[in-house]
Amino acid sequence: PELLSAWSIFFFLFFFFLFARSATGRHFCACLFFYLLSWFTMKQSALVLTLFLPFAAWPWFKKPAHCRHLILGLFALLILAAAAVAPYAAAQWHLTRNMGFARASRDIFGITLPVLFMPAKGHWLSSRLLGIRTYSWDLGIVVCLVLAVALARGFLRSNALDAEQKKVSAALVLLACAGLIMAVIPNLGLHILFLKLIPGFVWIRASDRSLVFTIFSLAVLAASALAWLRQRMETPARRMATAAVFLLLGAEMWAMPIPLVKPQEEVRSHQEVISWLKSHDPAAPLIELPLKAKSNDLEAAAMLRMLEHGHPLINGYASFTPFPYRQLKQALLADPEGKGARFLKAYGARYVLVHEHLLGNGGGAVPDAVRKGEKVFGEPGHTLYRLAEHIYIGKETDFLPLRTSFKQRVPFAAKRYAMSLIKPLPEARFVWLREKPVSMEWETAGRRQNRLLSLRGAVILDKGEDQLCFRLLKFPSGDTKA
């Protein structure tokens, strides 16, 4: 997905360097256009791009008198982009925060240096000869060799670049280093700093996506270095060297076809059940079974079919998996007739699409409660059941407390705690807490103290449970979030 928005980032940097040099209105409009495209295609890459803008602009800041237009342009760019992006980003941010999604520094792992020079997945050498199946970030062995040869021949000491080209080269070097540091050593680098200081950064899935800036910068620098090397060669040698470089580039970049899920087949083979769902209860939640411990293919296929039938889908695959869905999968795999059936009922599933041909192939069983439901559609390999609508007993206020006390003198952030419910639950229940206020009390030096605890997140509480577990995200400054 990071490559989806990479092209808009590259075009933005191209026009940004032109704007830094000439400050024309058409270059600013081009910057704004591609900057907005990067936000609307992939917000993670756009956020990293925004944070890397100072590195891209730094070479022009050496002479403040000459960079006033650049500073004003950057402010105008950020203000206009914020006005366009904020409405939908704020709604997504609010929903993500209320689900309790976040990443801590312990969840961020860097990539190893050898991966930076491994052929990509699907490459003829790695896949066919070496049998490598892992993904990699290939910075470009040929690109790095061209740069190394040019540097050894005195590229930096020559007058091959004018003043503006040197500024662009310096900006590209800064971008390449920033992306590399964030990806390789996130726990010591920029990623952890941004994680703590920048709103929204806690939801970025992988630090290695910053290598897009490294790969782009190295490619542009290598192109300039190759042009300089060609100027220093005689005609026959120049042609041979150029042909050799591009042949090696082709060999390095040549990838074999990678098997992927076939979207049209996943929809075509379920066309009849999709047509039935389209015309019945479009607001009723649907789940597809059986589930496996690793069922990304089924999850992705279910999401494709959802685009056709339009029912709310319980299945799914995303960067953040809702905790209740992980509970449901574990329950269906470990205890389908007991906890699995209770959790499925708590989730509010009205329709269950059972892929009969996948049963007994490492997948979880289908609870008898589903088979006892109304069979509304059947075809070879697929059966659709309708379950009775479930209405919870009582309200959340009947069991969620308004205050909780800590046995320790002072609560600690990132530590797991449990609060007692008012009474044990009579049935399994899906609980989604959206800024639920609870008074938190503890004792310090013989004095009782309290602070407002704001609960966010979702969980399935099983029948008979009498505690709700939570983790403090920050303490003690300000209102405490959990």
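Two strands count as paired if DSSP finds at least two bridges between them. Strands (E, at least two residues) and helices (H or I, at least four) are DSSP runs, numbered from the N terminus. With that in hand, select Glu-288, which stands opposite Leu-353 in strand 2.

This is a predicted model: local features need pLDDT of at least 70, side-chain atom pairs count only at pLDDT 80 or more, and totals for chains, interfaces and linings use all residues. Residues are numbered from 1 along each chain as its sequence is written, and side-chain values use heavy atoms, leaving out hydrogens and water.

**The sheet**

Stay with strand 1. Strand 1 and strand 2 (residues 351–355) run parallel, paired over four bridges. Now show the whole open sheet: four strands, in the order 1-2-4-3, with mixed pairing. Its edges are strand 1 (286–289) and strand 3 (374–379), and each of these pairs on one side only. From one strand to the next, the twist averages 20° (axes are lines fitted to C-alpha atoms, and angles run from 0 to 180 degrees between N-to-C directions).

**Around strand 1**

Step to Pro-290, in the loop between strand 1 and helix 13 (296–309). The peptide bond from Leu-289 to Pro-290 is cis, with omega near 5°. Next, go to Asp-281, in the loop between helix 12 (271–278) and strand 1. Asp-281 is not a glycine, yet its phi is positive, at about 45°.

**The core**

Select Phe-12, Leu-13, Phe-16, Phe-17, Phe-52, Leu-70 and Phe-201. Of the 64 residues in the largest nonpolar core, these touch the most other members. Such a core is a set of buried Ala, Val, Leu, Ile, Met, Phe, Trp, Tyr and Cys residues joined through side-chain atoms within 4.5 Å. Buried means under 20% relative accessible area, exposed over 50%, and partly exposed in between (1.4 Å probe, protein chains only). Colour helix 9 next: the largest share of this core, 10 residues, comes from there.

Ala-23 sits in the loop between helix 1 and helix 2. Its phi is near 55°, positive in a residue other than glycine. Ala-23 is partly exposed, with a relative accessible area of 32%.

Finish on helix 4 (residues 68–98), where Phe-75 lies. Phe-75 is exposed, at 53% relative accessible area.
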